[in-house]
Amino acid sequence: MRHKKRLKYADLPAGSDNPLSSAITGRDRSVLDMVADAIKFDQTLLAYQPIMQALPPHNVAFYEGYIRVLDSTGRVIPARDFMDVVEDTELGRELDCLALQHGLRTLSKHPNIRLSINMSARSIGYERWGKVLKRFLSKDATIGERLLLEITEASTQGAPELVLDFMTRMQDHGIAFAMDNFGSGSMAIAHFRQFFFDAVKIDGKFVRNILETHDNQSVVRALVGVAKQFDMLTVAESVETEAEAQFLVDIGVDCLQGYLYGAPTVRAPWVEDLKAQHRA
């Protein structure tokens with residue numbers, strides 16, 4: 001009995017006659033146009049998600065700010081729907097600038113919170129990004145002490161000398177650094193120890209369904225061990241159940257982040273969070 005050959009992407013015709021390629025190109029162009037319009041018409045904002053202390057009193061350790069854009073209808077578009085398309089473009093650098101600007105404005109208005117903002121190593125050498133950071137640091141010398149910048153492992157590996165120099169210069173301003181998606185790359189320990197990371201955020205793909213996946217349990221234990229060895233705070237992403245949270249606490253994770261504690265929201269969550277802490 002002959003089996004029907006499965007159609008693969010490589011089997012499709014190349015160039016403009018490839019319907020799948022044309023569809024992907026059209027989709028990406030639409031995304032680029034949407035992001036460009038959002039930047040042009042000042043239709044960007046941050047969504048905030050709490051990162052909780054794993055141990056009592058289980059307060060909010062800090063918040064993460066995620067860049068969002070509004071489409072032509074005013075709908076809030078999450079980063080997963082556009083970041084992969086724009087990340088390596090000029091628009092990606094502009095979004096990094098806007099995320100930083102929104103985040104620093106938030107810290108200026110709310111001196112009782114700490115906030116983390118995602119960035120790319122490419123933005124370190126981007127003139128406008130540097131000017132935004134310098135302007136806010138010059139206005140408030142203490143704002144850096146409440147700012148945490150998240151850089152992915154992959155981005156760090158792409159420009160290690162640039163990242164290391166930037167981290168060294170920012171130490172005087174009290175800015176903290178976290179390696180995002182920790183465990184997803186292949187950075188050697190000898191390379192890893194050169195940097196000034198204060199925290200690591202364990203990639204959520206290892207945390208999701210961790211109770212049912214023994215390999216993920218082993219990986220997360222190993223990552224926590226590496227972080228402890230270098231005296232770095234550990235944050236587990238994508239925590240969705242109390243049972244997962246308890247397992248992570250038991251193996252020594254310091255902070256927890258995920259839908260169990262709240263989805264990202266464009267409304268400032270710290271107002272209710274602070275009220276709840278005062279009532280406790």
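**A walk through the fold, starting at a loop**

Hello everyone, let's begin with P57, whose place is in the loop between β1 and β2. Helices (H or I, at least four residues) and strands (E, at least two) are DSSP runs here, numbered from the N terminus. A quick word on the source: this is a predicted model, where local features need pLDDT of at least 70, side-chain atom pairs count only at pLDDT 80 or more, and totals for chains, interfaces and linings use all residues. Residues are numbered from 1 along each chain as its sequence is written, and side-chain values use heavy atoms, with hydrogens and water left out.

Back to our loop. What kind of peptide bond joins P56 and P57? A cis one, with omega about 10°. H58 is in that loop too, and although H58 is not a glycine, its phi is positive, about 55°. With a relative accessible area of 43%, H58 is partly exposed. The cut-offs are these: buried is under 20% relative accessible area, exposed is over 50%, and partly exposed is in between, using a 1.4 Å probe and protein chains only.

Now a look at the whole protein. There are eleven helices and nine strands. Of the 280 residues, 43% are buried. Take the contacts (heavy atoms within 4.5 Å) between residues at least 6 apart in sequence: 64% of them join residues at least 24 apart.

Next, the strands around our loop. Eight of the ten residues of β1 (residues 44–53) are buried, so this strand is largely enclosed by the rest of the structure. β1 runs antiparallel to β2 (residues 60–70), and nine bridges join them. We call two strands paired if DSSP finds at least two bridges between them. The bridge partner of L46 is I67 in β2, and the two strands form a hairpin with six residues between them. β1 also pairs with β9 (residues 255–256), again in the antiparallel sense, over two bridges. There, M52 stands opposite L256.

D42 is another residue other than glycine with a positive phi, near 60°. Is D42 buried or exposed? D42 counts as exposed, because its relative accessibility is 56%.

On to the inside. Nonpolar side chains tend to be buried together in soluble globular proteins. A nonpolar core, for us, is a set of buried Ala, Val, Leu, Ile, Met, Phe, Trp, Tyr and Cys residues joined through side-chain atoms within 4.5 Å. The largest one has 69 residues, and F82, L133, L149 and L248 have the most contacts inside it. Helix α3 (residues 90–109) gives the largest share of this core, seven residues. If we leave aside neighbours within four places in sequence, L149 touches residues including L100, W129, F166 and F177. A second, separate core has eight residues, among them A178, A199, V235 and C255.

A199 takes us to β7. Both faces of this strand are covered, with A199 and K201 buried on one side and V200 and I202 buried on the other. β7 runs parallel to β6, joined by three bridges, and M179 stands opposite V200. β7 also runs parallel to β8, joined by four bridges, with A199 opposite L233.

Helix α9 is next. α9 (residues 214–229) has 16 residues and reaches 23 Å from its first C-alpha to its last, close to the 22 Å expected at 1.5 Å a residue; that expected span is 1.5 Å times one less than the number of residues. Which residues of α9 are buried? They are N216, Q217, V220, L223, V224 and A227. Seen down the helix axis, these buried residues fall within an arc of 130°, so they line one face of α9. The arc is that of the directions from the helix axis to the C-beta atoms. The buried residues pack against β6, β7, α8, β8 and α10, while H214, D215 and Q229 are exposed on the other side. Just after α9, D231 takes a positive phi of about 55°.

Finally, the cysteines. How many disulfides are there? The count is zero, taking a disulfide as a pair of cysteine sulfur atoms within 2.5 Å. C97 counts as buried because its relative accessibility is 0%, and C255 counts as buried at 4%.
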